[in-house]
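Please keep the sequence and the coordinates at hand while reading.

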Amino acid sequence: MTKKPCIIVTAPVPPDLRQLLDASCETVDVPTGKSPLEALPQSQWGAIDGMVCTVKTRVDAALLDALPALKVVSNFAVGFDNVDMDAANARKVLVCNTPGVLDGAVADLTIGLMLCVARNLVAGDAFVRSGDWTKGAFPLATDIRGKTLGLLGMGRIGRVVARTARAFDMDVIYHNRKPDPEAEGLARYVSRDALFSESDVVSVHIPLTAETRQSVGAREFGLMKKSAILLNTARGAVVDEEALIAALKDGTIAGAGLDVMTTEPLPPTSPLVQMPNVVLQAHIGSATVETRRAMIDLAVRNLVDSMTGKQPKAMVNAQAWPLARQAKAA
Ligand code: 8YV
């Protein structure tokens, strides 16, 4: 009988999918957020063939070197900025992710944040609960209908946001490295500067890379309308958070809705916590029962498929697949 591959699991796996994993792999659980190297004895490192992990597991050159038999990293996320892709490619480690299944949930949260900020809904709720309503009317807020929504990044999630925003009678513009044929009839392509200067709401939908890190900063806020709102449901570090705080404080822009921050969990000492023109969420874009189930299903199947020689559905670096498979067969 051939030995089952040994895999690390740092993501929450429901019992039926755990059975699927157990049928073809030996699993070793590592608490979410803990480095596998801290959690496992060194004697086990050389036996690890695969990993299903959350974005909290840093997969860097040091980890990959410590796990020389690792062939596949299956991320329980669409984003993979926790993985050093150069290091993975250099070592022919296949990286998988969960695209597609969370687009609706993240897009819905984006629209929800936009409504919360524009209509001041969080403060409105506190206004009613505190009894302040008995003393007078709630201050007027701002319409989103007829306004311009600018999407920085037009991928799967951006397209769902665009479709939904059009149902709110918004004019949608976007900027990508190049125009997206799939966005035809949905949103108008504009230059990056025009996106910031023409939008009433700017929403960030680009991945975090060395190139995009802190790429939305003081210069971009300076281009925005004083009445504009910034939304970020992508990655906190794409935005220069200090510059954002300054822009919100001095009225360069009017408000922000943030599901992601540079440091997560957001420290309670962050000035963002005190700002009335900011709505904050705890990185919950994909956090619904249905969406998380679809994500873990895809992440587990990506891992099981790759471990059993079947091409997985969602590969980040497909060029590593035949090599990872050969290594498996060897
Ligand atoms: C998290 C996300 O992965 O998919 C992504 O890129 O950021 C989220 O969906 C989620 O918190 C699961 O760990």
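The sections below take up the basis of the model, the ligand site, the cysteines, the backbone and the annotated spans.

## Basis of the model

The model is predicted, and for that reason local features are reported only at pLDDT of at least 70 and side-chain atom pairs only at pLDDT 80 or more, whereas totals for chains, interfaces and linings use all residues. Residues are numbered from 1 along each chain as its sequence is written, and side-chain values use heavy atoms, with hydrogens and water left out.

## The ligand site

Which residues surround the ligand? Val55, Phe76, Ala77, Val78, Gly79, Leu102, Arg235, His283, Ser286, Arg292 and Met295 do so, where a residue counts as near a molecule if one of its heavy atoms lies within 4 Å of it. Sorted by class, this shell holds 6 nonpolar, 3 polar and 2 charged residues; the nonpolar class consists of Ala, Val, Leu, Ile, Met, Phe, Trp, Tyr, Cys and Pro, the charged class of Asp, Glu, Lys and Arg, and the polar class of the others, Gly among them.

Val78 takes part through a backbone N or O atom, which lies 2.8 Å from an oxygen atom of the ligand, while Arg235 places an N or O atom of its side chain 2.8 Å from a ligand oxygen. In Ser286, a polar side-chain atom is 2.6 Å from an oxygen atom of the ligand. Of the 330 Å² of accessible area that the ligand has on its own, the protein covers 89%, with areas taken from the Shrake-Rupley method with a 1.4 Å probe; for residues, only the protein chains shown count as cover.

## Cysteines

A disulfide is a covalent bond between the sulfur atoms of two cysteines. With the criterion of a pair of cysteine sulfur atoms within 2.5 Å, a search of the whole structure finds 0 disulfides. For Cys6, which is in no disulfide, the nearest cysteine sulfur is that of Cys25, 8.7 Å away; Cys6 counts as buried at 10% relative accessibility, the term buried meaning under 20% relative accessible area, exposed over 50%, and partly exposed in between (1.4 Å probe, protein chains only).

Cys96 is likewise in no disulfide, and the nearest cysteine sulfur, that of Cys53, is 11 Å away. The relative accessibility of Cys96 is 0%, and the residue counts as buried.

## Backbone features

Most residues other than glycine have a negative phi, and most peptide bonds are trans. Against that background, Lys92 has a positive phi of about 55° although it is not a glycine; Lys92 sits in the loop between helix H5 (85-90) and strand E5 (94-96), where helices (H or I, at least four residues) and strands (E, at least two) are DSSP runs numbered from the N terminus. With a relative accessible area of 44%, Lys92 is partly exposed.

Asn120, again not a glycine, has a positive phi of about 60° and belongs to the loop between helix H6 (103-119) and helix H7 (121-130). At 29% relative accessibility, Asn120 is classed as partly exposed. Is the peptide bond from Glu264 to Pro265 cis or trans? The bond is cis, with omega near -5°, and Pro265 lies in the loop between strand E11 (255-258) and strand E12 (278-280).

## Annotated spans

An unreviewed UniProt entry carries the annotation "domain: D-isomer specific 2-hydroxyacid dehydrogenase catalytic" for residues 7-317; UniProt positions are given in the numbering used here, feature names are shortened, and annotations may be inferred rather than shown by experiment. In the model, the end C-alpha atoms of residues 7-317 lie 20 Å apart, and the span is 35% helix and 15% strand.

The unreviewed entry also annotates residues 111-285 as "domain: D-isomer specific 2-hydroxyacid dehydrogenase NAD-binding".

Methods:
A polar contact is a pair of N or O atoms within 3.5 Å; within protein, one must be able to donate a hydrogen and the other to accept it, and residues adjacent in sequence count only if both atoms are side-chain atoms.
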